[in-house]
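Reader: Before we go through the terms used for this model, could you show me the sequence and the structure?

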Amino acid sequence: GELTDEDLDQCRALVLQFVSRKADPKQHFVCGSVPRSRACFRILRDLCNGAKGGAAGGSAADPARKAALEAEVQKLRLEIAQRDQEIAMMVQMLSKQRGGADGQPFIASSASGDTAGALRGSLT
């Protein structure tokens, strides 16, 4: 089937992540389907041709640069959404823990300085 704009944005983000200096060279490149694989290769080709063109290929580099920046924005938005979900789950877990312990904190300190004993007491 034909890829949506969102699919293409995800492909751009995958390609940019794959070619970034931070990428793990041992990590496999997985894009999910043959059409997405083809799109990723086209994006990679366009990035390479734009970088090789230099000053003479300035008009070709601008769309590639714009696409790269848009893909980076999309990737960062996805990361933020994932972090928001993780934070919401942690807050929910802490709220349940506090609600189930009659208002006592999850980890309590004891006056005697027995931190391990205080931790065991809060878990039982």
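Author: Leaving aside neighbours within four places in sequence, Ala 39 is in contact (heavy atoms within 4.5 Å) with Leu 3, Leu 8 and Cys 11. This is a predicted model, in which local features need pLDDT of at least 70 and side-chain atom pairs count only at pLDDT 80 or more, while totals for chains, interfaces and linings use all residues. Residues are numbered from 1 along each chain as its sequence is written, and side-chain values use heavy atoms, with hydrogens and water left out.

Reader: How do you know whether Cys 11 is in a disulfide or in no disulfide?

Author: A disulfide is a pair of cysteine sulfur atoms within 2.5 Å, and by this rule the count comes to zero. For Cys 11 the nearest cysteine sulfur, that of Cys 40, is 3.7 Å away, and Cys 11 is in no disulfide.

Reader: What makes up the largest nonpolar core?

Author: A nonpolar core is a set of buried Ala, Val, Leu, Ile, Met, Phe, Trp, Tyr and Cys residues joined through side-chain atoms within 4.5 Å. The largest one has seven residues, namely Leu 3, Cys 11, Val 15, Cys 31, Ala 39, Cys 40 and Ile 43.

Key
Buried means under 20% relative accessible area, exposed over 50%, partly exposed in between (1.4 Å probe, protein chains only).
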